Amino acid sequence: MQRLKNKVAVITGGGGGIGATTAKLFVQEGAKVLIVGRSEDKLRKAMQEINHENISYTVADVSSVEDTQRYLREAVQRYGGIDVLVSNAGVEGPFKPILEHSVEDFDQVLATNVRGVWLSIKYVIPEMQKRGGGSIVTTSSIMGISAFPGHSAYTASKHAVVGLSRALAHDGAPFNIRVNTVCPGVIDNDMMAAAHRRIAPGAEEQLKNTLASRVPAKRYGTNEEIARLYLFLASDDSSYCTGGVYTADGGVTAGIM
Ligand SMILES: NC(=O)c1ccc[n+]([C@@H]2O[C@H](COP(=O)([O-])OP(=O)(O)OC[C@H]3O[C@@H](n4cnc5c(N)ncnc54)[C@H](OP(=O)(O)O)[C@@H]3O)[C@@H](O)[C@H]2O)c1
């Protein structure tokens with residue numbers, strides 16, 4: 001069964017690990033998908049891997065009002081409307097205690113991770129109203145409900161994504177628009193590998209093993225395991241779910257012992 005048959009989905013951060021894997025699954029499930037990101041190279045690479053007529057890309061910065069309006073307009077022009085938004089673009093920012101953290105880095109993390117999500121939802125709602133409803137899924141993190149030292153900007157931004165998603169579930173409900181957020185744990189992909197290099201240069205594998213040993217499931221998650229949760233939340237299978245916060249973290253946020 002194709003769970004997204006006749007649906008149009010926009011995925012920001014669609015050139016990245018979680019976004020591209022989600023785009024692939026959505027296309028397999030019958031959706032027409034527009035992926036969005038700043039780097040054309042990453043988007044092209046994702047397109048080549050997915051290799052399907054029902055996917056296209058556009059280059060845009062999610063923190064820009066003009067770019068947001070344009071990428072949503074392009075989705076409507078190419079595919080006739082928008083039913084699903086996965087607002088997933090995110091940056092991690094520096095791994096530093098606040099005294100060494102620059103104000104500019106803080107602003108940059110918040111611009112993408114919070115302003116970008118807010119803008120995408122603000123401007124997609126009118127398009128979803130025209131379709132009689134829709135599903136919006138945002139990407140928070142386990143750092144949206146807990147904290148890790150040295151990540152104040154990222155942690156603040158991902159807590160904000162939880163708050164935004166809950167608040168905007170109220171705004172969307174009268175129009176049959178659902179808003180949910182996903183909190184991935186440690187995922188075995190490029191973003192996490194880059195974080196390892198910043199946190200423990202030269203000892204990345206050791207750090208990975210240590211972190212994995214602290215996960216109740218004793219391993220990192222995969223992009224596919226996150227994508228399957230997006231599919232559930234994007235599809236009508238989750239028709240009564242809105243304002244929800246869904247962890248996919250191998251038990252990390254279940255608490256200690
Ligand atoms: N990896 C993990 O373990 C993990 C855990 C929890 C949460 N997350 C969250 O999951 C989401 C996806 O991350 P990922 O793991 O797939 O990492 P990723 O590969 O780095 O993907 C993030 C994507 O966001 C795009 N992006 C960043 N800033 C942007 C901007 N201003 N405008 C448009 N696109 C922008 C990046 O593309 P460009 O650079 O081309 O713009 C990139 O493709 C992020 O929100 C991340 O915070 C990841």
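The conversation that follows takes up helix packing and then the domains.

Modeller: This is a predicted model, in which local features need pLDDT of at least 70, side-chain atom pairs count only at pLDDT 80 or more, and totals for chains, interfaces and linings use all residues. Residues are numbered from 1 along each chain as its sequence is written, and side-chain values use heavy atoms, with hydrogens and water left out.

Colleague: Why are H6 and H7 called roughly perpendicular to each other?

Modeller: Helices are DSSP runs of H or I with at least four residues, numbered from the N terminus. The axes of H6 (residues 190-199) and H7 (residues 204-214) cross at roughly 115° and come within 9 Å. Axes are lines fitted to C-alpha atoms over the stretch in contact, and angles run from 0 to 180 degrees between N-to-C directions. Angles under 35 degrees count as roughly parallel, over 145 as roughly antiparallel, 65 to 115 as roughly perpendicular and the rest as oblique. H6 and H7 are therefore roughly perpendicular.

Colleague: Which residues make the contact between H6 and H7?

Modeller: H6 contributes His 196, Arg 197 and Ile 199, while H7 contributes Glu 204, Leu 207, Lys 208 and Leu 211. Contact means heavy atoms within 4.5 Å. By class, three of these residues are nonpolar, one is polar and three are charged. In this scheme Ala, Val, Leu, Ile, Met, Phe, Trp, Tyr, Cys and Pro count as nonpolar, Asp, Glu, Lys and Arg as charged, and the others, Gly among them, as polar.

Colleague: What makes H3 and H4 oblique to each other?

Modeller: H3 (residues 65-79) and H4 (residues 103-131) pack at an angle of about 40°, with axes 10 Å apart. H3 and H4 are therefore oblique. Residues of H3 including Tyr 71 and Leu 72 meet residues of H4 including Leu 119 and Tyr 123. That contact has seven nonpolar, three polar and two charged residues.

Colleague: How is the pair H1 and H8 described?

Modeller: The axes of H1 (residues 17-28) and H8 (residues 223-234) come within 8 Å and cross at roughly 55°. That angle makes H1 oblique to H8. Their contact has eight nonpolar, four polar and two charged residues.

Colleague: What area do domain 1 and domain 2 bury between them?

Modeller: The domain assignment, whose bounds come from an automatic or database source, gives domain 1 (8-185 + 224-248) and domain 2 (186-220). Buried area is the accessible area (1.4 Å probe) that two parts lose on being put together, summed over both. For domain 1 and domain 2 it is about 890 Å², 60% of it on carbon and sulfur atoms. Glu 92, Phe 95 and Gly 185 supply 48% of the area that domain 1 buries against domain 2, more than any other three residues.

Methods
Helix = DSSP H or I, 4+ residues; strand = E, 2+ residues; numbered from the N terminus.
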